[in-house]
Amino acid sequence: MSLFRKIHDWLNVRLGVDDLVEKQLTGYLLPANINRWYSLGSVLLFIFTLQVISGVLLLVYYVPDADKAFSSVTAIMNTVPYGWLIRLCHVVGSNMMVLVLILHMLSVLFMGSYKRPRELNWLSGFVILTLVMAISLTGYLLPWSQLSFWATTVATNSAGAIPFVGSYLVEFLRGGTLVGPYTLGRFFALHVAVIPIGIVAMIGLHLFLLERIGVSAPPFGLPDTKNPWKGDRFRHEDHPGGIPFFPNYLLSDLTSVAIYLAFFLLILFFAPNMFLPKDAFIPANPFQTPAHIKPEWYFLPNYQTLKIFPNEFIGLMVQGVGITFLALLPFIDRGREQHPLKRPLFMVCAVGGILLWIGLMIWGHYS
Amino acid sequence: MKRLHNISFSRLIGVVITFLLVSVAPTLAEGDTVCIQCHGSQTGRGLAPVKPWQGSIHAANGISCNHCHGGDPTDSSNAMSPQRGFLGAPKELAIPDVCGRCHIGIKADYLRSAHGRALGKGGPTCVTCHGSHEVQKVSIELINEKNCSRCHSYDRARIIRGAMQQTEATLVALSQRLEEFKGRGVDTAGLEKRLFAQRNSYHSLFHEVNPAKITAESAKIAAELNLIKGSLDKIDAEHHQRKVIGAFAVGAALLGALLLNLLRRTYS
Amino acid sequence: MESSSRRKFLVTCLGAMGVTGLGAVLYPLFRYLSPSKDAEARQKVTFQLSELAEGGAHYFQMDGKAGVLVRPKGGTIAVFSAVCTHLGCIVQWQKAQDQFICPCHGGQFSAQGAVLGGPPPKPLEKLPFVVNGTTITIG
């Protein structure tokens with residue numbers, strides 16, 4: 001008997017590995033008409049893993065002290081061998097994470113996979129979106145450049161629009177009246193420990209729910225595209241006659257990861273400064289605000305919305321209503337139909353919303 | 001028609017004259033010295049320096065009348081009192097002392113030079129080339145045929161300008177490249193300092209007006225600048241190498257995607 | 001081509017790419033984490049003789065290691081590595097007893113670095129130094 005066989009048998013009688021493989025891998029069947037959009041979740045897992053690895057590596061040389069942060073990042077970019085590669089991985093990766101996350105959310109919206117019985121999955125995904133935005137915001141401050149300092153000042157200022165508790169909230173966020181060393185301390189703790197643990201926990205919940213409820217079938221190419229859920233008792237959504245996860249769908253996931261990797265490496269090696277304007281290389285000066293300071297692209301729609309409304313509080317409220325609507329979508333949209341072309345009201349709202357979001361972003365960029 | 005007769009004719013004349021005065025006279029601001037306030041409302045010689053000074057680099061940097069001419073810029077009755085240090089318009093021989101109160105090194109260079117030695121004997125003072133009140137930021141354009149051939153042939157000045165023009169162009173080009181590298185995240189602090197030092201050496205070159213020395217010094221500066229350029233070229237080469245590796249990496253990822261897809265197809 | 005032989009070929013290709021990819025990731029990672037030689041560059045340490053009191057010892061860092069300069073009463077200046085030859089603790093100069101004592105296991109060294117007692121197997125490593133008038137340069 002070969003060594004591999006021996007190890008396999010030893011594990012099998014203790015853990016039932018054959019059964020595990022059958023249930024989770026070879027016997028785990030996915031819808032036959034599954035498309036490439038479904039692998040965005042795995043791509044996100046890959047991006048997140050890369051962010052954690054590059055982040056931990058940066059931790060080896062980064063110093064979270066207001067006097068030393070900028071020079072430690074400069075050393076990583078110039079002195080430490082391949083430090084530039086690790087840092088750029090982290091910068092480009094963080095922007096990719098937000099982009100792919102939005103694409104993943106859009107695919108869920110358009111294929112109606114947020115509808116019953118998957119409301120909890122949508123909610124957990126929504127919480128992950130919020131956490132990813134928060135981790136991006138906190139991470140932005142850490143290099144302590146002019147860009148970091150002033151973008152954080154603008155972003156934390158917006159909390160001041162909340163009546164009564166606004167100004168206290170801003171001070172609490174910043175650890176002081178203005179952005180300073182105390183802000184760096186708490187943002188660092190949030191970015192490196194608190195939020196990553198939160199994201200991992202929520203991803204765990206998200207994947208558990210996915211497996212427990214079962215993968216939804218895409219509505220394309222099916223005669224009846226209505227949601228089949230009966231709602232009388234718990235029923236795992238099986239896909240008999242579908243594609244096994246291992247090796248078929250796993251290979252499809254890996255292909256998507258490879259395509260993402262090609263795109264990611266293209267940006268990293270040929271346009272790394274897309275996300276690093278010149279203010280990112282000037283150390284923070286609390287006495288001099290640079291001209292044209294604005295937040296990162298994914299916060300521009302929020303920024304522009306605040307600028308439109310004469311009253312900042314109304315600007316915040318409008319965004320709050322929009323975000324709440326998005327979060328509670330599965331409870332608001334109770335239709336059974338899943339095919340996007342058979343949901344005209346949804347399509348109008350969704351496409352309109354996306355165009356509005358992109359329009360606000362472009363306006364925010366040029367204003 | 002009745003309304004027009006009600007407006008007094010003399011009042012109308014008064015308005016017109018005030019309007020003319022205001023448009024012709026230089027604008028007087030709140031924070032002006034008493035010097036400007038008084039001279040600005042004069043005519044002829046008294047008014048002459050005001051507008052040129054207002055457009056000068058001295059004015060832009062807060063250097064006013066009293067910094068060169070002495071006197072009290074806040075007290076109009078004693079503004080031009082010798083007890084308050086008023087010097088008046090300096091005589092020709094005293095001009096380098098007035099400018100040299102701030103531009104110390106340049107005064108020393110000038111006095112050492114052929115120009116300085118010809119002071120009082122038909123040679124140029126500071127204001128001959130730079131002007132007295134209309135002083136602008138220094139540029140190599142000050143060395144030109146019209147300016148320099150007022151007293152002698154342009155030949156030596158042409159050599160000096162030639163040598164300096166080359167250095168000037170290199171300095172500007174390197175400065176731009178450094179800015180670009182900085183925007184890419186390269187740590188340019190050390191190189192910026194070296195360039196700054198060379199720029200200072202270059203700027204202090206001219207006033208000795210010694211073509212041989214200037215050519216020799218310019219060559220030395222050019223050599224140092226070449227070293228800086230070498231460092232920048234090395235960084236450029238490194239960045240280029242990264243791009244080449246990047247191209248391979250992207251290609252490999254795409255190839256991987258293709259092979260994985262083909263492998264998946266063998267299972268369907 | 002037969003499906004299974006095509007499969008084998010693709011798996012082999014992907015395997016080779018995977019191994020190369022792994023190498024391409026591990027090499028920069030290794031370089032990134034390796035301690036740099038310049039971080040603790042060979043730098044000579046200099047002192048003014050006037051700074052050093054008689055009977056006293058002066059500790060310093062050189063090449064990332066601890067060293068000590070001793071100026072014993074009525075004796076010659078000596079410079080050693082301050083690392084105990086037993087298990088690597090830093091030896092402490094005892095002014096009153098004119099000797100070094102290691103705090104870890106009680107090893108004793110003389111003002112000339114010789115072992116006087118305790119577990120250390122070898123004397124303290126001598127470091128080269130040069131006296132130039134009023135300055136002493138080590139290294």
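## Domains of chain C

Domain bounds here come from an automatic or database domain assignment. For chain C that assignment gives domain 1 (1-34) and domain 2 (45-138). Taken over C-alpha atoms, the centres of domain 1 of chain C and domain 2 of chain C are 55 Å apart.

This is a predicted model, in which local features need pLDDT of at least 70, side-chain atom pairs count only at pLDDT 80 or more, and totals for chains, interfaces and linings use all residues. As a guide to the labels, residues are numbered from 1 along each chain as its sequence is written, while chains are lettered from A and ligands numbered from 1 in the order in which they are written.

## A sheet in chain C

Let's look at the strands (DSSP runs of E, at least two residues, numbered from the N terminus). In chain C, four of them form an open antiparallel sheet in the order β5-β6-β7-β8; strands count as paired if DSSP finds at least two bridges between them. β5 (92-94) and β8 (115-117) of chain C each have a single partner strand, so one side of each lacks a neighbour in the sheet.

Strands β6 (residues 99-101) and β7 (residues 108-110) of chain C run antiparallel and are joined by three bridges. In β7(C), C:S110 is the bridge partner of C:Q99.

## Where chains meet

Residues are in contact if their C-beta atoms, placed from the backbone, lie within 7 Å. One contact takes 21 residues from chain B and 21 residues from chain A. Helix α14 (residues 211-265) of chain B gives the largest share of the chain B side, 13 residues; helices are DSSP runs of H or I, at least four residues.

Another contact takes four residues from chain C and eight residues from chain A.

Methods:
Two residues are in contact if their C-beta atoms, placed from the backbone, lie within 7 Å.
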